[in-house]
Amino acid sequence: MSVTVSAMHRICEPLQAIGSAKGIAMRLGHGHVEVMAKKSPLDDPETAAYAWARYRQIMRILMMVTIATVVIALAVLFFFNGAISVHFYIAVALGISFTMLLGGGLMGLVFLSNGTGHDDSVDNNLPSADELFGDRDDDQDR
């Protein structure tokens, strides 16, 4: 029994598509498959290098501001309260540092994402709330 190349192609092509996004979309009954997102500007190595260098610069400035804030806070607490337990000062220093660095780091990532155009590359074609749940005016008329 000989199998031709075109027969093998007809057999293997549907099997390969089953695991792909196109195959999944076809199994779900979608006749067309669209690209999920546009290309991000961060995919360009030069843009990404510039953006991450800027982010690191922001984080260095944030680290200096955090250290200054911790030193000032500890000095003020020592001036008004005197020598309290060392655990109190450690907790204050860690609490201020963690809060400032985490908040500043996440905000820096938001600025990086927005500033490079990465946010614009997301294709958000979700239906509106009215399409999902119906028009609110129809519910109030009843």
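# Close-up views of the helices

View: Tyr89 counts as buried, with a relative accessibility of 13%. A residue is called buried here when its relative accessible area is under 20%, exposed when that area is over 50%, and partly exposed in between, using a 1.4 Å probe and the protein chains only. The model is predicted, with local features requiring a pLDDT of at least 70 and side-chain atom pairs counted only at pLDDT 80 or more, while totals for chains, interfaces and linings use all residues. Residues are numbered from 1 along each chain as its sequence is written, and side-chain values use heavy atoms, with hydrogens and water left out. The protein chain has six helices and zero strands, where helices (H or I, at least four residues) and strands (E, at least two) are DSSP runs numbered from the N terminus. Of the 142 residues in the protein chain, 15% are buried. The accessible surface of the protein chain is about 11500 Å², and carbon and sulfur atoms account for 66% of it; such areas come from the Shrake-Rupley method with a 1.4 Å probe, and for residues only the protein chains shown count as cover. When contacts (heavy atoms within 4.5 Å) in the protein chain are taken between residues at least 6 apart in sequence, 65% of them join residues at least 24 apart.

**View: the aromatic pairs.** A pair of aromatic rings is described by the distance of the centres and the angle of the planes. Rings of Phe, Tyr and Trp (its six-membered ring) are paired when their centres lie within 6.5 Å, and the pair is stacked if the planes are under 30 degrees apart, edge-to-face if they are over 60, and tilted for the rest. By this rule there are four aromatic pairs. One of these is the tilted pair of Phe78 and Tyr89, with 6.4 Å from centre to centre and 55 degrees between the planes. This pair links distant parts of the chain, with Phe78 in helix α3 (residues 45–81) and Tyr89 in helix α4 (residues 86–116), 11 residues apart. Phe78 is partly exposed, at a relative accessible area of 47%. The rings of Phe79 and Phe80 form an edge-to-face pair, because their planes stand at 80 degrees, with the centres 5.2 Å apart. Phe79 is exposed, with a relative accessible area of 66%, and Phe80 also counts as exposed, at 64% relative accessibility. Phe78, Phe88 and Tyr89 make up one aromatic cluster.

**View: helix α3 and its buried residues.** Helix α3 has 37 residues and reaches 52 Å from its first C-alpha to its last, close to the 54 Å expected at 1.5 Å a residue; the expected span is 1.5 Å times one less than the number of residues in the helix. The buried residues of α3 include Ala48, Tyr55, Leu62 and Val70, and what covers the buried residues of α3 includes α4. After α3 comes Gly82, whose phi is positive, near 75 degrees.

View: Among the buried residues of α4 are Tyr89, Val92, Gly105 and Leu112, and the buried residues of α4 pack against α3. Trp52, Phe98, Leu102, Leu106 and Leu109 make a nonpolar surface patch of about 490 Å². Patches are made of residues with over 30% relative accessible area and no salt bridge, where like charges are joined within 9 Å and nonpolar side chains (Val, Leu, Ile, Met, Phe, Trp, Tyr) within 5 Å; a salt bridge is a side-chain nitrogen of Lys or Arg within 4 Å of a carboxyl oxygen of Asp or Glu. The nonpolar patch receives the most from α4, which gives four residues. Leu102 lies in helix α4 and counts as partly exposed, at 42% relative accessibility.

View: Ser113 is found in helix α4 and counts as buried, at 14% relative accessibility. Leaving aside residues up to four places away in sequence, Ser113 touches His118 and Asp119. Just after α4, Gly117 takes a positive phi of about 90 degrees, and its place is in the loop between α4 and α5 (129–133). Gly117 counts as buried, at 17% relative accessibility. Gly117 and Leu42 are 75 residues apart in sequence and 8.1 Å apart in space, C-alpha to C-alpha.
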